Amino acid sequence: MNRSQTAAPDSHAADTAEPTSAEPERRARAALTRLVEPGDAVIGRWLTRVSAATLIEAIRERTVPGYLDLDDARLAGYRARLPDANPDVDLERVRSRGGRFIIPGDTEWPSQLDDLGDGRPIGLWVRGTGSLRLLALRSVAVVGARACTAYGAHVAGELAAQLAERGWVVVSGAAYGIDAAAHRGALAVGGTTLGVLACGVDVAYPQGNSELISRIAEQGLLLSELPPGEHPNRFRFVLRNRVIAALTRGTVVVEAALRSGALSTARRARDLNRHTMGVAGPVTSELSAGVHALIRSGGATLVTDAAEIGELIGAIGDDLAPRRSGPVLPRDLLEPAIARVLEAVPATADGAPIERLVRRSGLPPDEVLQRLYELGSLGFVERCGAHWRLVRGA
């Protein structure tokens, strides 16, 4: 990443540190993150017709317009959480941790999240000094099983390191297993990585990754739809995956069983017309069965290194992966007729006379003799009396 891109985030972080009293929409959206779960499409539809401040007031006063189609049970659920909504406290709490709350319309808002439609985030709690919009422009998700194998952890770390060295930002969920390996791989080479959390950005979950999560905040960004202090649950992990899929240019699944949550990220990426990629593992491994099924169904492209990932998600013509081929041997450069004679020479110390080589090659005697002398000049064969034999080591 060039200097202009790295300089922008600090200035943007300063812009977002303005007093919240001047931003009623930001405060209202911050309050809404206390009332609703991530991906609430009903709230998303409302916010296309009324402001967040108007919506909060309508929920509080039970004056929701009929055209918003809100049933009493859903309204009661929102109202039950109203006492916990204190946006000023939440905003200050995140600001004290070096974070901020960004909403659609902000300079830092990644417009690709709008592809989620009514289910796009109400806003994002972000911790770190980088610009989310700029970092997400060239990002790739690396996800997979929590209970991964040593093979999976190694591959995820290597891929992330290679991607970071090529200027890609690695995005994952900061969980155990493949997620942690991907973050560590990017950090190890001085790269930038984003952790999309299913809890508040001030909560270290899982606890075993607390040091890693702190490093991500220092060297990259932590982001979440959930307000400070919120803890994860199974549904929040699944909902978090849609943000990972939408935010990035593509998703790589390293290891995943048939019922792995990582496959939901891949499916969302595919539905959002993002590139979906998979890394093959041992056919005997249950932790690779989900990836293999995804590739076999055509839902993902097989990749083996960062070059192949970059070719899919990078700029057309600029990120081409090198063409793979086996080693070129000296024999491969021989003309067909010469190679045919060489194949006729036996691999024995005695060699063979011209007559036998003519029969084996099916070529005229004069041509066989001519080709044998050419092969002798190239160091492939040598004459031993009336016989021709292969040069040792040729």
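Helices (H or I, at least four residues) and strands (E, at least two) are DSSP runs, numbered from the N terminus. With these labels, Gly208 belongs to the loop between E5 and H10, and the tour will return to that loop.

The model is predicted: local features need pLDDT of at least 70, side-chain atom pairs count only at pLDDT 80 or more, and totals for chains, interfaces and linings use all residues. Residues are numbered from 1 along each chain as its sequence is written, and side-chain values use heavy atoms, with hydrogens and water left out.

**The whole chain**

Begin by displaying the protein chain as a cartoon, in which 17 helices and 12 strands can be selected. Of its 394 residues, 51% count as buried, where buried means under 20% relative accessible area, exposed over 50%, and partly exposed in between (1.4 Å probe, protein chains only). Switch to a surface: the chain exposes about 18,800 Å², of which carbon and sulfur atoms supply 50%. Accessible areas come from the Shrake-Rupley method with a 1.4 Å probe; for residues, only the protein chains shown count as cover. Among contacts (heavy atoms within 4.5 Å) between residues at least 6 apart in sequence, 70% join residues at least 24 apart.

**The loop between E5 and H10**

Select the segment between strand E5 (193-196) and helix H10 (210-219), where Pro206 is found. The peptide bond from Tyr205 to Pro206 is cis, with omega near 0°. From Gly208, draw a C-alpha to C-alpha distance to Ala175: the two are 33 residues apart in sequence and 9.3 Å apart in space.

**The loop between E4 and H9**

Next select Ala174, in the loop between strand E4 (169-172) and helix H9 (178-188). Ala174 is not a glycine, yet has a positive phi of about 60°. Is Ala174 buried or exposed? Its relative accessible area is 0%, so Ala174 is buried.

Then select Ala150, in helix H8 (residues 150-165). Ala150 counts as exposed because its relative accessibility is 66%. Ala150 and Gly177 are separated by 27 residues in sequence and by 9.3 Å in space, C-alpha to C-alpha.

Move to Asn273, in the loop between H12 and strand E8 (275-278). Asn273 also has a positive phi, of about 60°, although it is not a glycine. With a relative accessible area of 71%, Asn273 is therefore exposed.

Asp305 is to be found in the loop between strand E9 (301-302) and helix H14 (306-313). Its relative accessibility is 17%, so Asp305 counts as buried. Show the side chain of Asp305: one of its polar atoms lies 3.3 Å from the backbone nitrogen of Ala307. A polar contact is a pair of N or O atoms within 3.5 Å; within protein, one must be able to donate a hydrogen and the other to accept it, and residues adjacent in sequence count only if both atoms are side-chain atoms.

On a 1 Å grid over the protein atoms alone, a cavity is a set of points where a 1.4 Å probe fits but cannot get out, and a pocket is an open set with protein on both sides within 12 Å along at least five of seven lines; lining residues have an atom within 4 Å of a point. Grid points are joined across faces, edges and corners, and a volume is the space filled by probe spheres set on the points.

A search of the whole structure finds 4 cavities of 30 Å³ or more. The second largest cavity has a volume of about 70 Å³. To view its lining, select Pro38, Val196, Leu197, Ala198, Leu223, Ser224, Glu225, Leu226, Arg236, Leu239, Arg240 and Val243. Strand E6 (221-224) and helix H11 (234-247) are the elements that give two or more residues to this lining. Its largest share, 4 residues, comes from H11. By class, the lining has 8 nonpolar, 1 polar and 3 charged residues; Ala, Val, Leu, Ile, Met, Phe, Trp, Tyr, Cys and Pro count as nonpolar, Asp, Glu, Lys and Arg as charged, and the others, Gly among them, as polar.

Finish at the second largest pocket, which holds about 260 Å³ of space. Among its 19 lining residues, Gly144, Arg146, Ser260, Gly261 and Ala262 lie nearest its centre. The elements giving two or more residues to this lining are H11 and helix H12 (262-271). Which element gives the most to the lining of the second largest pocket? H11 does, with 6 residues. The lining of this pocket comprises 9 nonpolar, 6 polar and 4 charged residues.
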